[in-house]
Amino acid sequence: MTEKDPNKGYVAILGWSINCIDALERFNRRYVVVAPYWAEEYAKEHNIPYIPWDFERLNDRSMEIAEKLKEEGVDVAIPLFEETVEWAGAINAVLMSNPRLHGQAVLFRDKALMKRRAQLGGIRVGIFEEAHDREDVVRFLKRVNQTLLKLDGDPDDPIHLKAFDKAGCLGHRVIRAPDEIDQIPDDEFPVLMESHLDGWEFAVEAWIYNGKIRFLNISEYVTLGYSVFVPATPELESWRNLITKEIEKLIKTFDIEFGFIHPEYFVTSDGTMYFGEVAYRPPGFKVFELLERAYGFNAYQGMVLCFDPKTTEEELDAFFPREVVDAKGHAGCFGVYPRRRVVSKLEMPEETVNHEYYEYHELTPPIEETVTKRTAFGTHWGLVYFFGDNPHQLRDLLRHQEELDFYV
(Lines give C-alpha, C1' and ligand atoms only; values in the text may rest on other atoms or scores of the structure.)
Protein backbone atom coordinates (compact mmCIF):
# COMPACT_ATOMS: atom_id res chain seq x y z
CA MET A 1 0.00 0.00 0.00
CA THR A 2 1.29 3.47 -0.92
CA GLU A 3 2.00 5.86 1.97
CA LYS A 4 -0.94 8.22 2.55
CA ASP A 5 -0.37 11.99 2.73
CA PRO A 6 -2.26 13.52 5.72
CA ASN A 7 -2.05 16.97 4.09
CA LYS A 8 -4.12 15.80 1.13
CA GLY A 9 -7.85 15.16 1.01
CA TYR A 10 -9.60 12.20 2.62
CA VAL A 11 -12.11 10.81 0.10
CA ALA A 12 -15.19 8.58 0.40
CA ILE A 13 -15.84 6.30 -2.58
CA LEU A 14 -19.56 5.58 -3.04
CA GLY A 15 -19.98 2.13 -4.54
CA TRP A 16 -17.90 -1.02 -4.83
CA SER A 17 -15.24 -1.42 -7.52
CA ILE A 18 -12.18 -3.63 -7.06
CA ASN A 19 -10.34 -1.75 -9.82
CA CYS A 20 -10.99 1.58 -8.08
CA ILE A 21 -9.95 0.20 -4.67
CA ASP A 22 -6.76 -1.22 -6.20
CA ALA A 23 -6.01 2.21 -7.75
CA LEU A 24 -6.51 3.98 -4.41
CA GLU A 25 -4.32 1.46 -2.57
CA ARG A 26 -1.56 2.63 -4.93
CA PHE A 27 -2.34 6.35 -4.45
CA ASN A 28 -1.35 8.86 -1.77
CA ARG A 29 -4.89 9.86 -0.69
CA ARG A 30 -6.63 8.41 2.36
CA TYR A 31 -9.91 6.78 1.37
CA VAL A 32 -12.93 4.93 2.72
CA VAL A 33 -15.33 2.82 0.66
CA VAL A 34 -19.06 3.29 1.34
CA ALA A 35 -20.77 0.22 -0.09
CA PRO A 36 -23.66 -2.20 0.54
CA TYR A 37 -23.50 -4.77 3.35
CA TRP A 38 -22.59 -7.63 1.02
CA ALA A 39 -19.09 -6.10 0.65
CA GLU A 40 -18.36 -6.20 4.39
CA GLU A 41 -16.75 -9.62 4.60
CA TYR A 42 -14.40 -8.99 1.66
CA ALA A 43 -13.47 -5.53 3.00
CA LYS A 44 -12.59 -6.94 6.44
CA GLU A 45 -10.63 -9.84 4.99
CA HIS A 46 -8.52 -7.49 2.81
CA ASN A 47 -8.23 -4.59 5.32
CA ILE A 48 -10.12 -2.20 3.07
CA PRO A 49 -11.39 0.93 4.90
CA TYR A 50 -15.15 0.44 4.68
CA ILE A 51 -18.47 1.80 5.93
CA PRO A 52 -21.62 -0.24 5.14
CA TRP A 53 -24.54 1.66 3.63
CA ASP A 54 -27.69 0.81 1.67
CA PHE A 55 -28.02 3.02 -1.41
CA GLU A 56 -31.48 1.76 -2.35
CA ARG A 57 -33.07 5.19 -2.02
CA LEU A 58 -32.66 8.58 -0.44
CA ASN A 59 -34.75 8.62 2.74
CA ASP A 60 -35.01 10.08 6.25
CA ARG A 61 -31.66 8.50 7.17
CA SER A 62 -29.80 10.11 4.26
CA MET A 63 -28.25 12.75 6.52
CA GLU A 64 -26.88 10.00 8.75
CA ILE A 65 -24.17 8.93 6.29
CA ALA A 66 -23.21 12.55 5.59
CA GLU A 67 -22.79 13.28 9.32
CA LYS A 68 -20.88 10.03 9.80
CA LEU A 69 -18.42 10.91 7.02
CA LYS A 70 -18.06 14.45 8.37
CA GLU A 71 -17.18 13.09 11.82
CA GLU A 72 -14.70 10.74 10.16
CA GLY A 73 -12.95 13.80 8.65
CA VAL A 74 -13.82 13.03 5.02
CA ASP A 75 -13.46 15.98 2.63
CA VAL A 76 -15.48 14.80 -0.37
CA ALA A 77 -17.67 11.92 -1.60
CA ILE A 78 -17.05 10.48 -5.08
CA PRO A 79 -19.81 8.54 -6.91
CA LEU A 80 -18.77 5.44 -8.88
CA PHE A 81 -22.18 4.47 -10.23
CA GLU A 82 -25.30 6.20 -11.49
CA GLU A 83 -27.21 5.10 -8.38
CA THR A 84 -24.76 6.91 -6.07
CA VAL A 85 -24.61 10.27 -7.91
CA GLU A 86 -27.46 11.84 -5.95
CA TRP A 87 -26.06 10.44 -2.70
CA ALA A 88 -22.72 12.09 -3.45
CA GLY A 89 -24.49 15.40 -4.12
CA ALA A 90 -26.41 15.18 -0.82
CA ILE A 91 -23.29 14.20 1.15
CA ASN A 92 -21.07 16.86 -0.46
CA ALA A 93 -23.71 19.51 0.25
CA VAL A 94 -23.08 18.74 3.94
CA LEU A 95 -19.29 18.16 3.78
CA MET A 96 -18.69 21.35 1.79
CA SER A 97 -21.51 23.43 3.30
CA ASN A 98 -22.89 24.01 -0.20
CA PRO A 99 -26.60 23.06 -0.56
CA ARG A 100 -26.48 23.67 -4.33
CA LEU A 101 -24.42 20.51 -4.82
CA HIS A 102 -27.45 18.34 -4.10
CA GLY A 103 -29.60 20.23 -6.59
CA GLN A 104 -26.84 19.87 -9.17
CA ALA A 105 -26.73 16.10 -8.57
CA VAL A 106 -30.49 15.88 -9.18
CA LEU A 107 -29.93 17.50 -12.60
CA PHE A 108 -27.35 14.81 -13.42
CA ARG A 109 -29.82 12.07 -12.42
CA ASP A 110 -33.10 13.27 -13.98
CA LYS A 111 -32.72 13.20 -17.77
CA ALA A 112 -35.71 15.49 -18.40
CA LEU A 113 -34.43 18.17 -15.97
CA MET A 114 -30.95 17.73 -17.44
CA LYS A 115 -32.19 18.45 -20.98
CA ARG A 116 -34.09 21.53 -19.81
CA ARG A 117 -31.01 22.88 -18.02
CA ALA A 118 -28.94 22.27 -21.16
CA GLN A 119 -31.51 24.17 -23.26
CA LEU A 120 -31.40 27.10 -20.85
CA GLY A 121 -27.64 27.23 -21.36
CA GLY A 122 -28.02 27.49 -25.12
CA ILE A 123 -26.93 23.89 -25.74
CA ARG A 124 -28.54 22.16 -28.73
CA VAL A 125 -30.79 19.23 -27.86
CA GLY A 126 -33.35 17.30 -29.90
CA ILE A 127 -37.11 17.37 -29.26
CA PHE A 128 -37.97 15.67 -25.96
CA GLU A 129 -40.93 15.07 -23.64
CA GLU A 130 -41.87 12.90 -20.69
CA ALA A 131 -44.29 9.98 -21.18
CA HIS A 132 -46.48 8.62 -18.40
CA ASP A 133 -48.21 5.96 -20.49
CA ARG A 134 -48.32 4.41 -23.97
CA GLU A 135 -50.75 7.04 -25.29
CA ASP A 136 -48.14 9.72 -24.63
CA VAL A 137 -45.64 7.74 -26.72
CA VAL A 138 -48.11 7.39 -29.61
CA ARG A 139 -48.78 11.14 -29.58
CA PHE A 140 -45.06 11.98 -29.46
CA LEU A 141 -44.19 9.65 -32.36
CA LYS A 142 -46.94 11.26 -34.46
CA ARG A 143 -45.96 14.80 -33.50
CA VAL A 144 -42.24 14.29 -34.24
CA ASN A 145 -43.00 12.89 -37.70
CA GLN A 146 -45.53 15.65 -38.37
CA THR A 147 -42.82 18.18 -37.50
CA LEU A 148 -40.50 16.44 -40.01
CA LEU A 149 -43.18 16.97 -42.70
CA LYS A 150 -43.61 13.24 -43.37
CA LEU A 151 -46.25 12.31 -45.93
CA ASP A 152 -48.61 9.32 -45.85
CA GLY A 153 -46.62 6.23 -46.80
CA ASP A 154 -43.25 7.69 -45.74
CA PRO A 155 -41.47 5.55 -43.12
CA ASP A 156 -41.63 7.11 -39.65
CA ASP A 157 -38.49 8.58 -38.13
CA PRO A 158 -37.66 6.59 -34.98
CA ILE A 159 -37.89 7.99 -31.44
CA HIS A 160 -35.85 6.97 -28.40
CA LEU A 161 -37.24 6.05 -24.99
CA LYS A 162 -34.94 6.27 -21.97
CA ALA A 163 -35.39 5.64 -18.27
CA PHE A 164 -35.27 8.89 -16.29
CA ASP A 165 -32.43 7.88 -14.01
CA LYS A 166 -30.67 4.74 -15.25
CA ALA A 167 -27.16 4.45 -16.63
CA GLY A 168 -26.40 4.40 -20.34
CA CYS A 169 -28.13 1.69 -22.33
CA LEU A 170 -30.29 0.40 -19.46
CA GLY A 171 -33.94 1.03 -20.28
CA HIS A 172 -33.05 2.54 -23.69
CA ARG A 173 -35.23 1.40 -26.57
CA VAL A 174 -35.86 2.66 -30.10
CA ILE A 175 -39.45 2.90 -31.36
CA ARG A 176 -39.85 2.84 -35.14
CA ALA A 177 -43.56 2.05 -35.51
CA PRO A 178 -46.73 2.47 -33.39
CA ASP A 179 -47.17 -1.32 -32.91
CA GLU A 180 -43.81 -1.48 -31.06
CA ILE A 181 -45.28 0.76 -28.35
CA ASP A 182 -47.53 -2.10 -27.14
CA GLN A 183 -44.42 -4.08 -26.18
CA ILE A 184 -43.31 -1.54 -23.53
CA PRO A 185 -43.98 -2.98 -20.04
CA ASP A 186 -46.06 -0.85 -17.64
CA ASP A 187 -43.28 -0.74 -15.07
CA GLU A 188 -40.95 1.16 -17.46
CA PHE A 189 -43.08 4.32 -17.21
CA PRO A 190 -42.53 7.20 -16.75
CA VAL A 191 -39.85 7.58 -19.44
CA LEU A 192 -38.10 10.32 -21.37
CA MET A 193 -38.88 10.43 -25.11
CA GLU A 194 -36.45 11.97 -27.60
CA SER A 195 -36.37 12.54 -31.34
CA HIS A 196 -33.72 10.58 -33.24
CA LEU A 197 -30.57 12.53 -34.10
CA ASP A 198 -28.70 11.51 -37.22
CA GLY A 199 -25.00 11.93 -36.76
CA TRP A 200 -21.85 10.49 -35.31
CA GLU A 201 -22.53 9.50 -31.70
CA PHE A 202 -19.60 9.54 -29.31
CA ALA A 203 -18.79 10.04 -25.64
CA VAL A 204 -16.46 12.36 -23.79
CA GLU A 205 -14.66 11.86 -20.48
CA ALA A 206 -13.57 15.13 -18.87
CA TRP A 207 -11.66 15.65 -15.61
CA ILE A 208 -12.44 19.10 -14.19
CA TYR A 209 -10.81 21.18 -11.45
CA ASN A 210 -11.57 24.81 -10.54
CA GLY A 211 -14.03 24.86 -13.44
CA LYS A 212 -11.32 24.02 -16.03
CA ILE A 213 -10.83 20.88 -18.13
CA ARG A 214 -7.66 19.06 -17.04
CA PHE A 215 -7.89 16.09 -19.42
CA LEU A 216 -10.43 15.41 -22.16
CA ASN A 217 -10.81 12.05 -23.86
CA ILE A 218 -13.06 11.33 -26.83
CA SER A 219 -14.36 7.74 -26.84
CA GLU A 220 -15.41 6.45 -30.24
CA TYR A 221 -18.43 4.15 -30.32
CA VAL A 222 -18.23 1.53 -33.05
CA THR A 223 -21.73 0.20 -32.35
CA LEU A 224 -23.65 1.66 -29.40
CA GLY A 225 -24.07 -0.97 -26.68
CA TYR A 226 -21.43 -3.24 -28.23
CA SER A 227 -18.02 -1.61 -28.66
CA VAL A 228 -15.86 1.43 -27.92
CA PHE A 229 -12.20 2.43 -28.24
CA VAL A 230 -9.82 5.21 -27.12
CA PRO A 231 -8.34 7.49 -28.32
CA ALA A 232 -10.69 8.06 -31.26
CA THR A 233 -9.83 7.99 -34.98
CA PRO A 234 -8.21 11.12 -36.48
CA GLU A 235 -11.56 11.82 -38.21
CA LEU A 236 -13.41 12.15 -34.88
CA GLU A 237 -10.42 13.81 -33.17
CA SER A 238 -10.55 16.51 -35.87
CA TRP A 239 -13.64 17.84 -34.02
CA ARG A 240 -11.68 18.18 -30.72
CA ASN A 241 -11.67 22.01 -30.65
CA LEU A 242 -15.42 22.16 -31.25
CA ILE A 243 -16.02 19.38 -28.69
CA THR A 244 -13.87 21.20 -26.10
CA LYS A 245 -15.92 24.40 -26.56
CA GLU A 246 -19.14 22.40 -26.04
CA ILE A 247 -17.78 20.81 -22.85
CA GLU A 248 -16.81 24.27 -21.56
CA LYS A 249 -20.38 25.41 -22.26
CA LEU A 250 -21.66 22.36 -20.36
CA ILE A 251 -19.39 23.10 -17.37
CA LYS A 252 -20.70 26.68 -17.25
CA THR A 253 -24.37 25.67 -17.72
CA PHE A 254 -24.27 23.02 -14.97
CA ASP A 255 -21.99 25.07 -12.66
CA ILE A 256 -19.38 22.29 -12.45
CA GLU A 257 -16.38 23.31 -10.37
CA PHE A 258 -14.72 19.94 -9.78
CA GLY A 259 -14.95 16.24 -10.48
CA PHE A 260 -15.50 14.13 -13.54
CA ILE A 261 -18.18 14.15 -16.25
CA HIS A 262 -19.12 11.68 -18.98
CA PRO A 263 -21.36 13.37 -21.59
CA GLU A 264 -22.60 11.90 -24.89
CA TYR A 265 -23.04 13.89 -28.10
CA PHE A 266 -23.94 13.65 -31.77
CA VAL A 267 -22.02 15.60 -34.41
CA THR A 268 -23.70 16.02 -37.80
CA SER A 269 -21.88 16.17 -41.14
CA ASP A 270 -21.97 19.98 -41.12
CA GLY A 271 -20.28 20.12 -37.68
CA THR A 272 -23.41 20.84 -35.62
CA MET A 273 -23.17 19.23 -32.20
CA TYR A 274 -26.21 17.97 -30.28
CA PHE A 275 -26.12 17.16 -26.58
CA GLY A 276 -27.38 13.69 -25.63
CA GLU A 277 -26.90 13.44 -21.87
CA VAL A 278 -24.26 13.86 -19.17
CA ALA A 279 -23.30 11.60 -16.26
CA TYR A 280 -21.29 12.59 -13.18
CA ARG A 281 -19.57 9.24 -12.70
CA PRO A 282 -17.20 6.87 -14.56
CA PRO A 283 -18.46 5.48 -17.88
CA GLY A 284 -19.43 1.87 -18.49
CA PHE A 285 -17.61 -0.51 -20.83
CA LYS A 286 -14.41 -0.23 -18.71
CA VAL A 287 -13.34 3.00 -20.45
CA PHE A 288 -11.19 3.91 -17.41
CA GLU A 289 -9.30 0.66 -17.88
CA LEU A 290 -8.97 1.29 -21.63
CA LEU A 291 -7.52 4.74 -20.92
CA GLU A 292 -4.91 3.23 -18.61
CA ARG A 293 -3.95 0.73 -21.32
CA ALA A 294 -3.67 3.47 -23.95
CA TYR A 295 -2.02 6.24 -21.89
CA GLY A 296 -0.58 4.63 -18.76
CA PHE A 297 -2.32 6.93 -16.24
CA ASN A 298 -4.93 5.65 -13.81
CA ALA A 299 -8.27 7.34 -14.45
CA TYR A 300 -9.61 6.54 -10.94
CA GLN A 301 -6.63 8.30 -9.38
CA GLY A 302 -7.22 11.22 -11.77
CA MET A 303 -10.84 11.38 -10.63
CA VAL A 304 -9.76 11.54 -6.97
CA LEU A 305 -7.36 14.39 -7.81
CA CYS A 306 -10.18 16.35 -9.45
CA PHE A 307 -12.57 15.82 -6.50
CA ASP A 308 -10.04 16.52 -3.73
CA PRO A 309 -10.25 20.19 -2.62
CA LYS A 310 -6.61 19.94 -1.45
CA THR A 311 -5.17 19.08 -4.89
CA THR A 312 -2.59 21.51 -6.29
CA GLU A 313 -2.07 22.77 -9.85
CA GLU A 314 1.39 21.17 -9.83
CA GLU A 315 -0.11 17.74 -9.07
CA LEU A 316 -2.59 18.06 -11.92
CA ASP A 317 0.10 19.14 -14.40
CA ALA A 318 2.32 16.24 -13.39
CA PHE A 319 -0.45 13.63 -13.41
CA PHE A 320 -2.31 13.96 -16.73
CA PRO A 321 -0.62 13.16 -20.06
CA ARG A 322 -1.11 15.17 -23.25
CA GLU A 323 -4.26 14.11 -25.10
CA VAL A 324 -3.78 11.80 -28.12
CA VAL A 325 -0.04 12.47 -28.64
CA ASP A 326 0.98 10.68 -25.42
CA ALA A 327 -1.11 7.56 -26.17
CA LYS A 328 0.97 4.42 -26.76
CA GLY A 329 -1.76 2.97 -28.99
CA HIS A 330 -5.52 2.46 -29.19
CA ALA A 331 -7.41 0.30 -26.67
CA GLY A 332 -10.91 -1.04 -27.28
CA CYS A 333 -13.38 -3.59 -26.02
CA PHE A 334 -16.35 -5.53 -27.36
CA GLY A 335 -19.37 -6.51 -25.25
CA VAL A 336 -20.45 -10.06 -26.10
CA TYR A 337 -24.10 -11.01 -26.28
CA PRO A 338 -24.94 -14.56 -27.51
CA ARG A 339 -26.39 -14.63 -31.03
CA ARG A 340 -28.02 -18.05 -30.52
CA ARG A 341 -31.11 -18.76 -28.45
CA VAL A 342 -29.64 -21.93 -26.93
CA VAL A 343 -25.98 -22.22 -25.87
CA SER A 344 -24.00 -24.87 -24.01
CA LYS A 345 -20.44 -23.53 -23.79
CA LEU A 346 -18.09 -20.59 -24.22
CA GLU A 347 -15.90 -21.00 -27.28
CA MET A 348 -13.62 -18.12 -28.26
CA PRO A 349 -13.48 -17.69 -32.06
CA GLU A 350 -10.03 -18.60 -33.39
CA GLU A 351 -9.86 -15.54 -35.62
CA THR A 352 -10.39 -13.34 -32.53
CA VAL A 353 -7.75 -14.91 -30.25
CA ASN A 354 -5.25 -15.22 -33.12
CA HIS A 355 -5.52 -11.55 -34.09
CA GLU A 356 -2.44 -9.50 -33.16
CA TYR A 357 -4.67 -6.86 -31.48
CA TYR A 358 -6.42 -9.36 -29.17
CA GLU A 359 -5.35 -9.16 -25.50
CA TYR A 360 -7.74 -10.99 -23.14
CA HIS A 361 -11.40 -11.53 -22.25
CA GLU A 362 -13.63 -11.54 -19.16
CA LEU A 363 -16.23 -14.03 -20.42
CA THR A 364 -17.48 -16.89 -18.26
CA PRO A 365 -19.15 -20.18 -19.24
CA PRO A 366 -22.96 -19.93 -19.54
CA ILE A 367 -24.97 -20.63 -16.37
CA GLU A 368 -28.15 -21.44 -18.33
CA GLU A 369 -28.58 -22.90 -21.79
CA THR A 370 -31.52 -20.75 -22.89
CA VAL A 371 -30.54 -17.18 -23.78
CA THR A 372 -33.15 -14.60 -22.83
CA LYS A 373 -34.13 -12.26 -25.65
CA ARG A 374 -32.14 -9.04 -25.48
CA THR A 375 -34.57 -6.26 -24.54
CA ALA A 376 -33.63 -2.81 -25.75
CA PHE A 377 -29.83 -2.57 -25.59
CA GLY A 378 -29.70 -5.14 -22.80
CA THR A 379 -26.63 -6.13 -20.79
CA HIS A 380 -23.63 -7.85 -22.36
CA TRP A 381 -22.29 -11.12 -20.96
CA GLY A 382 -18.70 -9.90 -20.67
CA LEU A 383 -15.98 -7.96 -22.47
CA VAL A 384 -13.22 -8.86 -24.91
CA TYR A 385 -10.21 -6.48 -24.98
CA PHE A 386 -8.03 -5.38 -27.90
CA PHE A 387 -5.03 -3.05 -28.31
CA GLY A 388 -3.21 -1.87 -31.43
CA ASP A 389 -1.58 0.98 -33.35
CA ASN A 390 -4.10 1.53 -36.12
CA PRO A 391 -7.47 2.99 -35.00
CA HIS A 392 -9.20 2.13 -38.30
CA GLN A 393 -8.07 -1.49 -38.12
CA LEU A 394 -9.21 -1.65 -34.48
CA ARG A 395 -12.60 -0.12 -35.37
CA ASP A 396 -13.17 -2.66 -38.18
CA LEU A 397 -12.03 -5.52 -35.93
CA LEU A 398 -14.51 -4.49 -33.19
CA ARG A 399 -17.33 -4.23 -35.73
CA HIS A 400 -16.48 -7.67 -37.13
CA GLN A 401 -16.88 -9.27 -33.66
CA GLU A 402 -20.65 -8.70 -33.99
CA GLU A 403 -20.73 -11.42 -36.69
CA LEU A 404 -19.00 -14.05 -34.54
CA ASP A 405 -20.32 -16.60 -32.04
CA PHE A 406 -18.59 -16.64 -28.66
CA TYR A 407 -21.23 -18.91 -27.11
CA VAL A 408 -22.20 -22.08 -29.00
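A: Contact here means heavy atoms within 4.5 Å. Helices (H or I, at least four residues) and strands (E, at least two) are DSSP runs, numbered from the N terminus. The model is predicted, so local features need pLDDT of at least 70 and side-chain atom pairs count only at pLDDT 80 or more, while totals for chains, interfaces and linings use all residues. Residues are numbered from 1 along each chain as its sequence is written, and side-chain values use heavy atoms, with hydrogens and water left out.

In the packing of H4 with H5, Val85, Glu86, Gly89, Ala90, Asn92 and Ala93 of H4 meet Leu101, His102, Ala105, Val106, Phe108 and Arg109 of H5. By class, this contact has seven nonpolar, three polar and two charged residues; Ala, Val, Leu, Ile, Met, Phe, Trp, Tyr, Cys and Pro count as nonpolar, Asp, Glu, Lys and Arg as charged, and the others, Gly among them, as polar. The axes of H4 and H5 are 7 Å apart, at an angle of about 170°. Axes are lines fitted to C-alpha atoms, for helices over the stretch in contact, and angles run from 0 to 180 degrees between N-to-C directions. Angles over 145 degrees count as roughly antiparallel, and H4 and H5 are therefore roughly antiparallel to each other.

The loop between helix H4 (85–95) and helix H5 (100–109) holds serine 97. Serine 97 is not a glycine, yet its phi is positive, at about 50°. Serine 97 counts as exposed, at 60% relative accessibility; exposed means over 50% relative accessible area, buried under 20% and partly exposed in between (1.4 Å probe, protein chains only).

Asparagine 47 likewise has a positive phi, near 55°. Asparagine 47 lies in the loop between helix H2 (40–45) and strand S3 (50–52), and with 67% relative accessibility it is exposed. Most residues other than glycine have a negative phi, and most peptide bonds are trans.

One joins phenylalanine 189 and proline 190, with omega about 0°; proline 190 is in the loop between strand S7 (173–175) and strand S8 (191–195). Another joins valine 230 and proline 231, with omega about -20°, and proline 231 is found in the loop between strand S11 (227–230) and helix H8 (234–237).

Definitions and conventions. Angles under 35 degrees count as roughly parallel, over 145 as roughly antiparallel, 65 to 115 as roughly perpendicular and the rest as oblique.
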